[in-house]
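Colleague: Could you walk me through this model? I would like to start with what your terms mean.

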Amino acid sequence: MELPYLSYARHLQNRYKARVYRIGVDGLFSCPNRQYDGKGGCAFCDGRGGSAVYHRIEEHASSRLGYAEQGQLFESEISGVSLDQRVALILSQIERGKAFVQHRYKAQQYSLYFQSYTNTYDSIENLKTLYDTALSTHPFVEFIVSTRPDCLSQPVIDLLASYTTKVEKVWVEIGLESANQQSLDVLGRNHDTDCYIRAVDSLHLRGIGVCTHVMLGLPNEGRADYLATARLVNRVHSDAVKIHNLHVCLGTRLDDWHRQGEVTTASLRRHVSDSIFFLRHLHSSIVIERMMCETPSHRRVSPRLFPDKHQFLAQVTDGMLSHGWVQGDLV
Ligand code: SF4
């Protein structure tokens with residue numbers, strides 16, 4: 001069945017004529033938006049970062065520090081982790097990730113994904129060591145680095161661009177979340193949309209693909225905001241998007257607001273409807289890498305009941321097909 005949107009799986013199949021699986025790694029990066037004691041940060045962030053399911057065995061025990069108010073100290077320095085230890089950690093994660101996707105999916109081709117926290121937030125020397133070592137372990141198809149728009153200095157972009165000849169494609173995933181500056185301020189993102197636009201332009205100039213993270217269901221946001229966000233993503237020619245429904249994680253500022261009754265999260269029906277609205281306003285060439293949050297249930301306060309990804313995607317697909325709607329038909 002032809003999906004009414006450009007799924008990531010279809011994009012990979014079209015481009016590589018094969019299924020390519022991501023191996024996510026956590027290089028113990030920190031975040032410039034959190035204080036050294038873990039305070040601050042984005043209202044929705046529980047300080048644990050994104051992680052692949054095969055690394056979550058350690059999640060209950062680990063607690064991450066942040067950065068800020070500590071000059072130029074990065075988390076690894078604050079917590080006393082050496083570069084060698086970070087390299088060893090990444091190598092073991094790659095081995096574990098490969099074993100997992102080989103066993104579960106019979107995978108043969110892989111992309112390398114620096115997933116957790118702000119993966120460009122370190123000295124250029126450390127970044128190069130970590131990236132080079134990880135990329136030397138396997139002929140990866142794509143190299144993907146997740147970061148904030150304000151952590152893409154020219155030297156960092158130069159370093160990332162140096163890998164465009166070594167893999168098929170280098171991607172940077174950038175958190176935008178919303179085109180509404182008030183929302184960014186409420187969330188404590190500490191960057192503006194101009195910063196995002198500059199980052200995307202600079203990456204595109206060096207042939208690096210951009211995947212933009214956006215959120216639907218933010219406090220006080222509605223369809224007009226989703227439309228503005230879709231239009232901004234279209235305008236900068238973001239190559240892909242990851243759409244997240246608002247999740248409330250334990251211990252976050254959002255959790256406080258939720259307990260006070262100030263914030264609610266979307267029902268399945270509302271997120272399906274909002275996602276369809278967003279897709280219809282998104283250019284048809286933009287790859288849809290994700291459409292819902294997958295925060296593990298032990299960290300998630302709300303929504304407590306949400307179906308798995310496959311049920312959710314089936315409802316989006318059925319909803320669009322039944323009306324003859326496709327991605328981008330309202331652009
Ligand atoms: S930028 Fe990312 S890691 Fe940093 S506080 Fe926000 S969500 Fe958390």
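Modeller: Buried means under 20% relative accessible area, exposed means over 50%, and partly exposed is in between, using a 1.4 Å probe and protein chains only. This is a predicted model, where local features need pLDDT of at least 70 and side-chain atom pairs count only at pLDDT 80 or more, while totals for chains, interfaces and linings use all residues. Residues are numbered from 1 along each chain as its sequence is written, and side-chain values use heavy atoms, with hydrogens and water left out.

Colleague: Ok, is leucine 112 buried or exposed?

Modeller: Leucine 112 is buried, because its relative accessible area is 0%. It lies in strand 2, where strands (E, at least two residues) and helices (H or I, at least four) are DSSP runs numbered from the N terminus.

Colleague: And what is leucine 112 in contact with?

Modeller: Contact means heavy atoms within 4.5 Å, and, leaving aside neighbours within four places in sequence, the contacts of leucine 112 include Ile23, Val25, Ala134, Phe140 and Ile144. Glu142 is also in contact with leucine 112, and the C-alpha atoms of these two residues are separated by 6.3 Å although they are 30 residues apart along the chain.

Colleague: What order do the strands of the sheet come in?

Modeller: Seven strands form an open sheet in the order 1-2-3-4-5-6-8, with parallel pairing; two strands count as paired if DSSP finds at least two bridges between them. Strand 1 (20-25) and strand 8 (287-290) stand at the edges with a single partner strand each, so one side of each has no neighbour in the sheet.

Colleague: How many bridges join strand 3 to strand 4?

Modeller: Six bridges join strand 3, residues 142-147, to strand 4, and threonine 147 has isoleucine 174 in strand 4 as its bridge partner.

Colleague: Changing topic, where is serine 178?

Modeller: Serine 178 sits in the loop between strand 4 (169-177) and helix 6 (181-187), and it is buried, because its relative accessible area is 0%. Among the residues that serine 178 touches, not counting those up to four places away in sequence, are Ser183, Thr193 and Glu221.
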